[in-house]
Amino acid sequence: MKILYLCTFYHRAMIFRDSMNYLMKLGHEVKAFNAVSYNTKIDDKYKNIMDELVIHQECFTKWDRFLYHLKQRKIFNKLVSSYQVENFDIIHSHTLFNGGYVAYLVKKHFGVPYVVSVRNTDINVFLRLPIFVNIANRIVKDASGVLFLSGSYKEKFLNKYVKSDLRKDIENKSVVISNGLESFWLSNKSQPKRLSDKKSVNLLYVGNIDKNKNITTSIQAIKILIEKGYKVKFTIVGQATDKNILNNIKKEEFVEVIDFLTKEELIKVFRANDIFIMPSIFETFGRVYAESMTQGLPVIYTKGQGFDGIFEDGIVGYGVPSKDAKYISDCIIKILEDYTNISERCIDECEKFDWNYIAESLSRFYFKSLNSQDDQ
């Protein structure tokens with residue numbers, strides 16, 4: 001099967017290339033079209049994936065985001081001038097809005113079927129504006145398949161944004177397939193962890209230091225634990241995109257901030273800690289939760305966001321309301337009380353994020369979507 005990926009952030013995330021590589025192992029031919037704004041810079045760590053399998057095109061200005069249809073038309077025009085789109089069997093737009101409408105136009109003009117992924121920005125940015133609800137319904141109605149990274153996003157999208165007369169049809173062609181992990185993490189799984197003292201815990205966060213990652217609420221939860229007699233150390237690994245948040249968290253005696261680390265360095269930090277905590281306000285998936293699991297760390301994730309719904313509460317950790325510090329502290333205590341069992345399940349369940357398994361699920365999804373297209 002010839003598959004075309006439509007992306008707008010291929011150049012700053014490994015997940016698309018990982019997916020392509022494993023699909024190609026299954027015999028598919030996969031290319032990518034990466035549509036970005038003019039003067040977009042590519043970080044050195046991603047330059048090795050900008051090869052013959054991807055066309056990286058500067059298509060629009062930063063101001064075009066205020067003119068949705070104009071921006072999508074510009075991407076469409078660049079796409080059809082870069083590829084003979086009619087030679088592909090299926091197009092996969094990795095966002096509903098920044099690409100999904102382009103895929104809709106390709107089908108309209110060239111008859112190529114498409115599937116779309118629904119992500120964090122689709123639900124938590126675009127769909128907050130009523131004008132985009134109608135556009136979303138038009139895109140998913142004509143799509144041959146709709147992919148969600150978690151059941152929570154699927155439920156929210158179907159029940160809140162899809163028109164009632166379309167809901168059954170959209171649900172029938174929807175699937176939930178999570179992202180996978182780099183093979184490095186599954187090849188270097190740790191042994192399950194044990195705690196020598198359940199009143200002492202090392203918490204870890206890895207990611208950008210910004211408002212969305214909600215580190216300040218994690219700190220509030222830690223203060224509640226300290227008031228209850230727990231000894232807590234909180235290690236934060238990441239680069240600050242919000243200097244005010246960074247300056248505030250550095251004031252806390254129990255906090256240690258570490259700048260960017262390679263994955264080889266980072267794995268040692270995972271193993272030196274006990275629980276991973278990231279109650280993000282919004283999250284499409286949160287691959288770092290799965291990375292933590294490979295090292296036996298139970299996880300605190302956000303209820304109703306990307307990672308939520310993959311596991312039941314208490315299996316590998318707990319989903320929490322992002323702004324409820326007391327709830328978060330209570331869940332940390334629950335983890336500590338059943339720590340060994342949860343850590344063991346993290347090691348076992350992380351295999352769910354093996355790209356070999358996920359690529360097979362994606363392949364079945366594409367074939368099913370094409371078959372449903374033939375039936376129409």
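**Strand S6**

I looked up strand S6 (residues 145–148) and found both of its faces covered. Gly 145 and Leu 147 lie on one side, Val 146 and Phe 148 on the other, and all are buried (under 20% relative accessible area, with exposed over 50% and partly exposed in between; 1.4 Å probe, protein chains only). Strands (E, at least two residues) and helices (H or I, at least four) are DSSP runs numbered from the N terminus.

This is a predicted model, in which local features need pLDDT of at least 70 and side-chain atom pairs count only at pLDDT 80 or more, while totals for chains, interfaces and linings use all residues. Residues are numbered from 1 along each chain as its sequence is written, and side-chain values use heavy atoms, with hydrogens and water left out.

I then checked the neighbours of S6. Strand S5 (residues 114–118) runs parallel to S6 and is joined to it by 4 bridges; two strands pair if DSSP finds at least two bridges between them. Ser 117 is the residue opposite Leu 147. Strand S7 (residues 174–176) is also parallel to S6, with 3 bridges, and Ser 174 in S7 is the bridge partner of Val 146.

**Strand S12**

I went on to strand S12 (residues 299–302), where Val 299 and Tyr 301 point one way and Ile 300 and Thr 302 the other. I noted that all of them are buried. Strand S11 (residues 275–277) and S12 run parallel and share 2 bridges, with Ile 277 standing opposite Ile 300. Between S11 and S12 the chain passes through helix H12 (residues 287–294), and this β-α-β crossover is right-handed (with the strands pointing away from the viewer, the path from the first strand over the helix to the second runs clockwise).

S12 also pairs with strand S13 (residues 317–320), in the parallel sense over 4 bridges. Thr 302 has Val 320 of S13 as its bridge partner.

**Helix H12**

I counted burial along H12 and found 8 of its 8 residues buried. Among them are Arg 287, Glu 291 and Tyr 289. Just after H12, Gly 296 takes a positive phi of about 80°.

**Aromatic rings**

I listed 25 aromatic pairs in the structure. Rings of Phe, Tyr and Trp (its six-membered ring) pair if their centres lie within 6.5 Å; planes under 30 degrees apart count as stacked, over 60 as edge-to-face and the rest as tilted. Tyr 301 and Phe 307 make an edge-to-face pair, 5.2 Å centre to centre with 65° between the planes. Tyr 301 counts as buried because its relative accessibility is 0%, and Phe 307 does so at 1%. Phe 307 also pairs with Phe 311, tilted at 45° with 6.0 Å between centres. Phe 311 is buried because its relative accessible area is 8%.

These rings belong to one aromatic cluster, whose members include Phe 184, Tyr 289, Tyr 301, Phe 307 and Phe 311.

**Lysines over rings**

I last checked for charges over rings (NZ of Lys or CZ of Arg within 6 Å of the ring centre and within 35 degrees of the ring normal). The charged end of Lys 263 sits over the ring of Phe 184, 5.6 Å from its centre. Lys 199 lies over the face of Tyr 230, 3.8 Å from the ring centre.
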